[in-house]
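Biologist: I'm new to reading protein models. Could you walk me through one, feature by feature?

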Amino acid sequence: MKRALWVGVYAIAMAAVESAVVVYLRALHEGAAPASVLQYQLPMRLLSIEAGREAATLVMLITVAVLAGRNAWEGLLYFALAFGMWDIFYYVWLWVFIGWPPSLLTWDILFLIPVPWVGPVLAPVVVSLCLAGGALWLLNRSDLRLSARAWVLASVGCLLVLLSFTIDFHYALVSAEPPRFRWELFSAGIAVAVGGLVWDAVAGRRPAPDRPLRAC
């Protein structure tokens with residue numbers, strides 16, 4: 001768990017740096033549109049740089065996960081832990097610095113690659129809590145490996161969550177909030193992904209059936 005602790009510290013510090021960048025953008029380009037990066041009406045050149053910064057952030061999270069993990073499986077879990085902690089504390093630091101968001105239901109532009117992701121702050125926080133909590137749990141369960149069924153369910157759940165964030169991306173392009181968040185898609189995605197993991201964990205605890213002794 002010492003490695004998990006240092007990965008978490010790295011993610012929290014990195015979130016502070018990213019939050020500071022957003023504070024500076026807000027101070028320089030504050031506008032009237034409703035959410036996050038596009039709220040500050042950035043010029044196209046700065047939006048391109050912002051997208052590049054997001055890509056660089058992912059590279060840094062992947063790099064620390066590769067360094068922390070002793071194999072591909074651990075690397076994936078450390079990435080999930082780092083991503084979850086980074087995303088949660090990104091909003092924590094923003095609230096500390098400037099009191100934003102005023103509510104967990106405040107809309108935000110979550111990501112820009114390949115299209116703007118939009119949703120209330122609560123949604124990415126829920127995803128990040130699941131990622132960080134699941135990663136810590138699985139790092140403590142070195143005997144558990146996910147079955148093909150769990151991977152399929154996790155992939156389907158991930159796609160549903162991503163769809164809930166991106167299906168209304170065009171509203172961000174016109175600096176407007178969508179009429180509502182697709183909670184039905186989001187909730188279904190979380191339920192399917194987490195359900196697949198829990199199903200595997202419960203099945204993994206069941207004792208193997210007794211086999212009859214074969215005659216010599």
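Modeller: Let's begin with aromatic rings, and one definition. Rings of Phe, Tyr and Trp count as a pair if their centres lie within 6.5 Å. Keep in mind that this is a predicted model.

Biologist: Okay, which residues form one aromatic cluster here?

Modeller: Trp-107, Phe-111, Trp-117, Phe-165, Phe-181, Trp-183 and Phe-186 form one cluster.

Biologist: And how many aromatic pairs does a search of the whole structure find?

Modeller: The search finds 14 of them. A pair of aromatic rings is described by the distance of the centres and the angle of the planes. Take Trp-93 and Phe-97: their ring centres are 5.7 Å apart and their planes meet at 25°, so this pair is stacked. The cut-off for stacked is planes under 30 degrees apart.

Biologist: Where do Trp-93 and Phe-97 sit relative to each other in helix H4?

Modeller: They are four residues apart in H4, so about one helical turn separates them. Trp-93 has 26% relative accessibility and counts as partly exposed. Phe-97, with a relative accessible area of 40%, is partly exposed too.

Biologist: What about Phe-111 and Trp-117: what angle do their planes make?

Modeller: Their planes are at 65° and their ring centres 5.3 Å apart, so that pair is edge-to-face. The cut-off there is over 60 degrees.

Biologist: Are Phe-111 and Trp-117 buried or exposed?

Modeller: Both are buried. The word buried stands for under 20% relative accessible area.

Biologist: Let's zoom out. How many helices and strands does the protein have?

Modeller: Eight helices and two strands. Reading from the N terminus, the order is α-α-α-α-β-β-α-α-α-α. Of the 216 residues, 44% count as buried. The protein exposes about 12100 Å², and carbon and sulfur atoms supply 70% of that.

Biologist: Is Glu-18 buried or exposed?

Modeller: Glu-18 has a relative accessible area of 9%, so it is buried. Now try Ser-48, in helix H3. Ser-48 is partly exposed, at 47% relative accessible area.

Biologist: Next up, peptide bonds. What should I look for?

Modeller: Most peptide bonds are trans. Here the bond from Trp-100 to Pro-101 is cis, with omega near 5°. Pro-101 lies in the loop between H4 and E1. The bond from Ile-113 to Pro-114 is also cis, with omega near -5°. You'll find Pro-114 in the loop between E1 and strand E2 (117-120).

Biologist: Which element gives the most to the lining of the largest pocket?

Modeller: H4, with 10 residues. By class, that lining has 36 nonpolar, eight polar and six charged residues.

Biologist: And what is the volume of the second largest pocket?

Modeller: About 200 Å³. Of the 15 residues in its lining, Arg-70, Glu-74, Tyr-78, Leu-139 and Asn-140 are the closest to its centre. H1, H4 and H5 are the elements that give two or more residues to the lining of the second largest pocket. H4 has the largest share of that lining, with four residues. By class, the second largest pocket is lined by seven nonpolar, three polar and five charged residues.

Note on methods:
Residues numbered from 1 in each chain as written. Predicted model: local features only at pLDDT ≥ 70, side-chain atom pairs only at ≥ 80, totals over all residues. Heavy atoms only, no water. Nonpolar A, V, L, I, M, F, W, Y, C, P; charged D, E, K, R; others polar. 1 Å grid on protein atoms, 1.4 Å probe; cavity = no way out; pocket = protein on both sides within 12 Å on 5 of 7 lines; lining within 4 Å. Points joined across faces, edges and corners; volume = space filled by probe spheres on them. Buried < 20%, exposed > 50% of the residue type's maximum accessible area, 1.4 Å probe, protein only. Areas by Shrake-Rupley, 256 points an atom, 1.4 Å probe, with all protein chains shown as cover. Phe/Tyr/Trp six-rings, centres within 6.5 Å; stacked < 30°, edge-to-face > 60°.
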